[in-house]
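Student: Could we go through this structure together? I'd like to understand where the descriptions come from.

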Amino acid sequence: MADAVQSKGTGLLVDQEADQGLGARLVYVGRLLWRDKSGLLGLIMFLTVVFSAVLAPWISPHPPLKQDLRAAKRPPMWAAKGDISHPLGTDNLGRDLLSRIIYGSRVSLTVGFFGVLIAGSLGLVIGLVSGYAGGRTDNIIMGGVNLILALPYLVFVVFIAAILGRSLINVILIFGFTDIPIFVRITRGEVLRLRESGFVESAKSIGAGRLRIIFDHILPNLLGPLITIATFEMSAMIFYEAGLGFLGLSVPPSVPSWGNMLATGRKYLTIYPWIATFPGLAIVFTGLGMNLFGDWLRDALDPRMRRMKR
Amino acid sequence: MQRYILSRLLQSILILFGVLFIIFFMLQATGDPVSLMVSRNASPEEIEAVREEMGFNRPLIVQFGDFIAGAVVGDFGDSLRHKQPAMDLILERLPATVELATTALLMAMLIGIPLGLLGGSNPGSVWDSLARGAGLIGQTIPNFWLALILIIVFAVKLGWLPAFGRETWQFLGITLPTRSVILPAFALGLFTMGQLVRFTRSAVMEIRSEDFVRTAYSKGLSDRQIYIRHILRNAAIPLISIIGVQFGYLLSGSIYIETICSWPGLGNLLAEAIGNRDFALVQAIAFFTSLVVVTLNLLTDIAYGLADPRIRYGD
């Protein structure tokens with residue numbers, strides 16, 4: 001809201017919505033979403049996944065770990081030997097695939113959310129320091145960032161995961177720490193750009209201190225780009241987590257996760273193809289939702305893009 | 001230009017030393033690297049023997065010095081499992097990965113660049129929707145799942161393509177790929193295809209609205225001339241860097257596809273080495289792929305500098 005106050009103070013009205021309260025802003029965002037149906041669709045898809053993760057115990061038809069060997073390897077309900085009690089069929093141990101997919105969303109979202117939270121908050125702080133301090137500090141930080149970004153990501157993630165061993169915390173830490181450079185780079189770039197901008201200049205000229213400039217003028221403007229990147233990074237982490245699970249390097253095999261389900265499905269690929277198909281579809285669904293929403297968010301939070309589009 | 005190349009070269013060497021540092025100390029991060037390599041029920045004598053054999057009983061700094069000295073000449077020690085120098089194993093598997101990554105890149109370029117051009121030059125058309133769709137698909141379908149689905153459809157159901165293994169064809173002493181590469185390469189290249197479509201499309205759209213294109217139109221140049229002379233030329237320069245980065249990504253990111261399709265390349269070797277807890281080999285692969293990626297980035301930057309004078313004089 002700082003920019004709204006500021007534009008009032010200087011009398012320069014940059015954007016119409018900047019001059020309104022929070023409620024009016026939300027209405028405005030809602031209207032923007034309604035205008036761009038793909039962003040709305042993405043948000044709905046993502047929220048579907050979030051709700052199924054939260055409501056998993058109530059909406060799953062079966063407990064995700066319950067084995068029933070008599071019902072093992074059952075195809076989805078629309079296939080010839082399918083059965084309505086297992087809508088997407090069962091795996092090799094007779095566990096219900098739909099229930100496991102619903103529970104699996106918990107692992108994916110937890111890894112994505114906390115991974116992005118760690119990477120985003122540390123990246124923000126480091127990026128602010130780097131952009132603001134400049135000089136040697138900036139050089140050292142950017143050297144580290146360029147080093148990590150130059151590594152073949154997948155090889156190193158697999159390497160670290162193999163050393164640390166299978167647990168949810170380890171996976172979160174791996175993604176949380178290896179993803180910091182992305183956020184550092186974005187934050188630093190924005191800080192350098194904003195520092196030269198007119199409104200920071202004018203804040204300085206009326207005697208605003210460094211902290212006030214950071215909190216009132218830099219941080220609010222960083223929020224947009226950071227949230228956008230966070231959306232894409234979260235979907236990337238969900239992919240990578242599933243990939244690690246597929247190689248047997250993510251959460252322990254007893255935990256229902258999309259990656260672990262794919263690993264099982266791969267073993268039975270040619271005889272019971274549905275075991276690998278559905279968890280993969282869940283990953284695609286989540287990724288598609290987050291990317292559609294992220295694309296929309298990028299345009300919506302950047303007024304320049306918005307004007308270009310219409 | 002020479003100064004530009006030299007400074008980029010020095011930067012790359014620094015990065016490689018950083019890589020060696022990371023690779024070495026990562027194994028120490030758990031406290032005792034030997035515990036990673038032996039099975040859970042190994043006797044104390046066996047553990048001691050491995051510690052002795054791998055030289056883990058020496059001071060850390062000596063080990064690190066040794067590691068660096070070996071790495072500079074490409075010696076990462078022997079693979080615990082194969083009892084062979086790790087680098088030999090890597091070089092043996094390299095051709096398969098190069099074949100896979102190159103095919104994947106070519107497929108991605110052949111589909112991605114034309115689609116991006118068509119989409120970007122006809123905004124709002126069917127081509128544009130196709131291009132946007134392809135860009136989104138590349139970003140949202142994980143390659144490991146795509147490979148599984150392609151196997152189900154094209155190998156199991158239709159029987160058109162082989163799904164597993166690599167077959168080559170010898171012609172005048174040269175090893176050539178066969179159709180066994182098509183399925184894994186397509187799955188591997190999908191993400192790159194999406195990136196190329198997205199990038200080409202937005203570059204073309206941006207350049208189309210530049211002043212020099214308007215000037216070219218007002219001079220009465222034909223569409224064809226404008227596209228070839230002004231738009232394609234300007235889009236090609238940044239495209240070089242995308243392609244360079246993507247080739248590195250393809251060469252180092254084939255672990256899933258190679259595992260799924262039993263493709264005998266580096267990714268497969270890495271998965272195997274991790275399964276066997278053969279960390280000397282894992283370290284060697286991590287360094288080798290880093291070397292490949294860093295070298296590719298360096299070459300890309302040089303090519304970029306050659307093509308665009310703003311870059312080489314800019315910094």
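This is a predicted model: local features need pLDDT of at least 70, side-chain atom pairs count only at pLDDT 80 or more; totals for chains, interfaces and linings use all residues.

Student: Which residues of H10(B) are buried, and what makes a residue buried?

Tutor: A residue needs 20 or more other C-beta atoms within 10 Å of its own. Among those in H10(B) that pass are B:Tyr227, B:Ile231, B:Ala235, B:Ile243 and B:Phe247, so they're called buried. In chain B, buried residues make up 40% of the 315 residues.

Student: How do you know that the length of helix H10 of chain B agrees with what it should span?

Tutor: Helix H10 (residues 223-252) of chain B has 30 residues, and at 1.5 Å a residue it should span 44 Å. The end C-alpha atoms of H10(B) are 40 Å apart, so the two agree.

Student: Where does H10(B) bend?

Tutor: At B:Leu232, by about 40°. That's the angle between axes fitted to the seven residues ending there and the seven starting there.

Student: Why do we say that strands E1 and E2 of chain B pair?

Tutor: Pairing takes at least two bridges. E1 (residues 168-171) and E2 (residues 174-177) of chain B are joined by 4 bridges, so they count as a pair, and they run antiparallel. In this pair, B:Trp169 stands opposite B:Leu176. E1(B) and E2(B) form a hairpin with 2 residues between them, and B:Leu172 in the turn has a positive phi of about 50°.

Student: What makes A:Val158 worth a look in the largest nonpolar core?

Tutor: This core has 152 residues, and A:Val158 is one of those touching the most other members, as are B:Leu270 and B:Ile285. Helix H11 (residues 210-246) of chain A gives the core its largest share, 15 residues. Not counting residues up to four places away in sequence, A:Val158 touches A:Leu247, A:Leu249, B:Ile255, B:Leu270 and B:Ile274.

Student: How many residues does each chain bring to the contact between A and B?

Tutor: Chain A brings 31 residues and chain B brings 36 residues. On the side of chain A that touches chain B, 23 are nonpolar, 7 polar and 1 charged.

Note on methods. Residues are numbered from 1 along each chain as its sequence is written. Chains are lettered from A and ligands numbered from 1 in the order in which they are written. A residue is buried if 20 or more other C-beta atoms lie within 10 Å of its own, exposed if 12 or fewer, and partly exposed in between; C-beta atoms are placed from the backbone. A nonpolar core is a set of buried Ala, Val, Leu, Ile, Met, Phe, Trp, Tyr and Cys residues joined through C-beta atoms within 7 Å. Two residues are in contact if their C-beta atoms, placed from the backbone, lie within 7 Å. Ala, Val, Leu, Ile, Met, Phe, Trp, Tyr, Cys and Pro count as nonpolar, Asp, Glu, Lys and Arg as charged, and the others, Gly among them, as polar. The expected span of a helix is 1.5 Å times one less than its number of residues.
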